[in-house]
Amino acid sequence: MNPERRSPERRSRKARRTRDALAQAASELVLERGLRDVTVEEIAERADVDRRTFSRYFTSKEAAVLDSVRGDGDRINEALRARPADEPPLTAYRRAVHDWLDDPGAQAWHRRAGIFDLLVLAEREPTLYAAFHHIRVDAQEDSVAIVAERLGVDPDRDLRPAVTVAAGAGALLAAQAAWARAGLREDLPRLVGQAFDALSGELLTRLPAGPAPHSTTEGNAPS
């Protein structure tokens with residue numbers, strides 16, 4: 001290896017270890033004591049760094065707590081890039097999500113210790129939920145760019161990439177919320193499958209029971 005390249009690579013590995021240590025300390029402390037009873041200083045102390053070091057990596061304790069979730073969005077997008085070019089966009093997105101769920105090395109949510117409890121907590125804590133929302137938005141923006149490239153279109157002019165990602169990410173979010181409510185930690189892949197099935201099932205082929213859909217011409221029809 002070129003000695004001139006070794007030092008930057010070492011610095012990169014050290015930075016990654018520091019970031020991971022801070023994220024782990026944040027999630028452990030929050031799960032032990034709750035979000036409001038944990039300070040940034042305590043997170044830094046547990047990770048054996050100072051407050052200034054924490055600020056180099058994270059803007060808030062919420063961002064540190066959910067850092068591993070940001071990595072999951074990156075993994076799904078990597079899987080999306082790797083899907084065959086001839087797959088329809090929504091099929092490619094669905095299979096990318098399942099590639100992530102099925103890969104033991106990716107440590108998807110149902111395989112990773114503590115992540116279930118963090119996501120349940122995110123449903124109750126407004127600031128943590130907001131941080132989770134921002135992470136999802138960032139991942140979805142990358143997904144839209146990937147789908148647009150697959151289709152060979154400009155996402156600013158063609159709505160199909162954004163619609164595809166909104167539908168796929170919405171299915172994943174619905175499954176995640178149901179998973180958190182049900183408390184069955186190993187059930188996430190099944191719920192994800194059900195959510196994606198709903199996108200291509202009776203929602204598209206049958207009218208729901210109940211009152212008729214609202215009409216924009218209501219009240220204008222002749223009596």
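Does His-98 count as buried or exposed, and at what relative accessibility? The legends below take up this residue after an overview.

**Figure 1. Overview of the predicted model.** This is a predicted model, in which local features need pLDDT of at least 70 and side-chain atom pairs count only at pLDDT 80 or more, while totals for chains, interfaces and linings use all residues. Residues are numbered from 1 along each chain as its sequence is written, and side-chain values use heavy atoms, with hydrogens and water left out. The protein has 11 helices and zero strands; helices (H or I, at least four residues) and strands (E, at least two) are DSSP runs, numbered from the N terminus. Of the 223 residues, 37% are buried, where buried means under 20% relative accessible area, exposed over 50%, and partly exposed in between (1.4 Å probe, protein chains only). Among contacts (heavy atoms within 4.5 Å) between residues at least 6 apart in sequence, 59% join residues at least 24 apart.

**Figure 2. Helix 6 and its cover.** Helix 6 comprises the 14 residues 89-102. Its expected span is 1.5 Å times one less than its number of residues, which gives 20 Å, in agreement with the 20 Å between its end C-alpha atoms. The buried residues of this helix are Ala-92, Tyr-93, Ala-96, Val-97, His-98, Trp-100 and Leu-101. Their cover includes helix 5 (67-82), helix 8 (126-151), helix 9 (160-182) and helix 10 (188-200).

**Figure 3. The surroundings of His-98.** His-98 lies in helix 6 and counts as buried because its relative accessibility is 19%. Apart from neighbours within four places in sequence, His-98 is in contact with Pro-189, Val-192 and Gly-193.

**Figure 4. Helix 5 against helix 8.** Two packed helices are described by the angle between their axes and the distance between the axes. The axes of helix 5 and helix 8 come within 9 Å and cross at roughly 10°. Helix 5 is therefore roughly parallel to helix 8, a term that applies to angles under 35 degrees. Helix 5 contributes Val-69, Arg-70, Gly-73, Asn-77, Leu-80 and Arg-81 to the contact, and the residues from helix 8 include Phe-132, Ile-135 and Asp-138. The residues of this contact divide into seven nonpolar, three polar and five charged.

**Figure 5. Val-163 in helix 9.** Val-163 is located in helix 9 and counts as exposed, because its relative accessibility is 52%. Val-163 and Val-144 are 19 residues apart in sequence, and their C-alpha atoms are 8.7 Å apart in space.

Definitions and conventions:
Axes are lines fitted to C-alpha atoms, for helices over the stretch in contact, and angles run from 0 to 180 degrees between N-to-C directions. Angles under 35 degrees count as roughly parallel, over 145 as roughly antiparallel, 65 to 115 as roughly perpendicular and the rest as oblique. Ala, Val, Leu, Ile, Met, Phe, Trp, Tyr, Cys and Pro count as nonpolar, Asp, Glu, Lys and Arg as charged, and the others, Gly among them, as polar.
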